[in-house]
Amino acid sequence: VLDRLRAAVAQGKKIAAADIEVLTDVDGAGDDEVLVPVDLRVRLERDAAAIAEETRNPKRAAESYLRAAELFALNPEKVAKDQRPKPMTAREWRMSADGADSAEEEGACISEEGGEEEEDGEPDLAEDGVDDDASDDDGG
């Protein structure tokens, strides 16, 4: 899904609100759909005007998610590769989210690596239609 949006934006095609919904609807993703981590810090730091603009303009929302994917790939904190979130299927994500729900009830959010992590420190996942290796090759 992310790669299709990347291509559509690059080609100047129209982006519909439904395209963004598909990208962000992890619960609606097929069990074998690949989810890739993205770094949402820039999206989280937006002001109200930027949020409103993305609501009215799905192309802006798509560009924002593409920047989030690029930021994750850049790894500005230089986190070791083996400690970074990895792409996973929607089924795997749901299973890990079920475990995190029970941990949150106990007051902690458990990362995939097993360590405690604040909720906003965890990258979000966006759906992608490619295999794990393809997302690391050329960034595009």
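**Reading the predicted model**

The protein chain exposes about 8800 Å², of which carbon and sulfur atoms supply 48%, by the Shrake-Rupley method with a 1.4 Å probe. This is a predicted model, in which local features need pLDDT of at least 70, side-chain atom pairs count only at pLDDT 80 or more, and totals for chains, interfaces and linings use all residues. Residues are numbered from 1 along each chain as its sequence is written, and side-chain values use heavy atoms, leaving out hydrogens and water.

User: What makes a set of residues a nonpolar core, and which have the most contacts inside the largest one?

Analyst: Such a core is a set of buried Ala, Val, Leu, Ile, Met, Phe, Trp, Tyr and Cys residues joined through side-chain atoms within 4.5 Å, where buried means under 20% relative accessible area. The largest has 18 residues, and those with the most contacts inside it are Leu2, Leu5, Ile15, Ile20, Leu23 and Ala62. Its largest share, 6 residues, comes from helix H5, a helix being a DSSP run (H or I) of at least four residues.

User: Which residues does Ala62 touch, not counting those up to four places away in sequence?

Analyst: Ala62 touches Leu5, Val9, Ile15 and Ile20; contact means heavy atoms within 4.5 Å.

User: Why are H4 and H5 called roughly perpendicular?

Analyst: Their axes, lines fitted to C-alpha atoms over the stretch in contact, come within 5 Å and cross at roughly 115 degrees. Angles of 65 to 115 degrees count as roughly perpendicular, and H4 and H5 are therefore described in this way.

Definitions and conventions: Buried < 20%, exposed > 50% of the residue type's maximum accessible area, 1.4 Å probe, protein only. Helix = DSSP H or I, 4+ residues; strand = E, 2+ residues; numbered from the N terminus. Axes fitted to C-alpha atoms, helices over the stretch in contact; angles between N-to-C directions. Parallel < 35°, antiparallel > 145°, perpendicular 65-115°, else oblique.
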